[in-house]
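User: Please take a close look at one helix of this model. Then set it in its surroundings.

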Amino acid sequence: TGSTRPQRLLRAVQKKATQGDPQSVIATIDDFCRHSEWAMNVGDEKGLILDSIVSEVNPSTALELGTYCGYSTVRIARLLPPGGRCITLEFNPAYAAVARQVIAWAGIQDKVQLVEGPSGDLIPQMKELFGVQTFDFVFLDHWKDRYLPDAKLLEECGLLREGTVLLADNVICPGTPEYLQYVRNSPRYESRYFKSHLEYTKVEDGLEKSVFLG
Ligand SMILES: Cc1ccc(Cc2cc(O)c(O)c(C(=O)NC/C=C/[C@H]3O[C@@H](n4cnc5c(N)ncnc54)[C@H](O)[C@@H]3O)c2)cc1
Ligand SMILES: [Mg+2]
């Protein structure tokens with residue numbers, strides 16, 4: 001019963017990152033993934049694009065689908081305005097346990113609500129459970145075949161408003177063809193592709209930014 005990769009990633013954070021310093025946690029995870037073990041965090045290159053879009057939106061309420069180890073949760077939450085919050089959904093309890101500790105080490109746990117469970121069940125409960133009216137920003141980075149059904153579910157539950165920004169990771173690799181086709185052809189979205197690379201590699205990947213038009 002050896003350790004898992006997320007547990008080894010957490011151990012690296014607790015050993016090398018400065019407690020309470022989100023940038024140090026981010027740098028430690030990127031270093032771990034480049035030089036020790038690759039892991040499916042959005043990474044440093046796509047992370048800078050994520051940062052710029054989060055800063056531009058300046059969300060009061062952000063939603064992340066697929067926490068994994070909490071790397072992008074930390075990237076998003078460190079940029080939120082005072083009183084801003086990030087709700088992040090993760091259905092794997094082992095990953096959620098690691099992510100909670102990564103988020104706590106970064107010192108931004110007060111800005112984050114990590115909810116364990118499948119997005120399909122939790123999204124319809126966002127209003128009653130967390131008093132969410134609408135999201136200002138949504139980061140999609142979970143199973144790729146869930147991007148489209150969950151985007152439609154967010155629409156149906158009235159959780160998107162005119163101007164809500166959806167940012168999707170991995171639209172090229174692993175790829176999310178049905179989601180791309182939808183947001184690029186629906187009159188309800190204004191979509192734009194940000195070309196980049198699969199985290200820690202030279203393989204092409206990118207982020208799709210889609211603004212909901214109401
Ligand atoms: C061919 C190939 C394979 C892998 C790669 C590399 C590569 C690069 C990437 O950036 C990737 O994001 C991925 C990827 O597969 N990501 C899936 C991420 C899941 C996380 O989200 C969790 N989750 C999944 N569905 C749900 C759900 N409904 N509700 C709540 N949590 C969910 C899981 O519990 C995981 O914590 C893969 C590139 C190419
Ligand atoms: Mg990803």
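Helix H10 spans residues 177–185, and its Tyr179, Leu180, Tyr182 and Val183 are buried. Viewed down the axis of H10, these buried residues fall within an arc of 165°, so they line one face of the helix. The arc is taken from the directions that run from the helix axis to the C-beta atoms. Pro177, Glu178 and Asn185 are exposed on the other side of H10. Buried means under 20% relative accessible area, exposed over 50%, and partly exposed in between (1.4 Å probe, protein chains only). Helices (H or I, at least four residues) and strands (E, at least two) are DSSP runs, numbered from the N terminus.

This is a predicted model: local features need pLDDT of at least 70, side-chain atom pairs count only at pLDDT 80 or more, and totals for chains, interfaces and linings use all residues. Residues are numbered from 1 along each chain as its sequence is written, chains are lettered from A and ligands numbered from 1 in the order written, and side-chain values use heavy atoms, without hydrogens and water.

What does the buried face meet? The buried residues of H10 pack against strands E4 (135–140), E5 (160–168), E6 (189–197) and E7 (204–212), and against helices H8 (147–156) and H9 (171–175). Contact means heavy atoms within 4.5 Å.

Now the cores. A nonpolar core is a set of buried Ala, Val, Leu, Ile, Met, Phe, Trp, Tyr and Cys residues joined through side-chain atoms within 4.5 Å. The largest has 42 residues, and Leu9, Ile29, Ile76 and Phe137 have the most contacts inside it. Elements that each supply at least two of its residues include E4 and E5. Helix H5 gives the largest share, seven residues. Tyr182 of H10 is buried, and Tyr182 belongs to a second, separate core of 29 residues, which also includes Leu122, Val132 and Phe135.

Next, the ligand. Of the 22 residues around ligand 1 (a heavy atom within 4 Å), Glu90, Asp141, Lys144, Asn170 and Glu199 come nearest. A nitrogen atom of ligand 1 lies 2.9 Å from a polar backbone atom of Ser119. An oxygen atom of ligand 1 is 3.2 Å from an N or O atom in the side chain of Asp169. Taken alone, ligand 1 exposes 790 Å², and the protein buries 80% of that. Those areas come from the Shrake-Rupley method with a 1.4 Å probe; for residues, only the protein chains shown count as cover.

Technical notes:
Polar contact = N/O pair within 3.5 Å; in protein donor to acceptor, adjacent residues only side chain to side chain.
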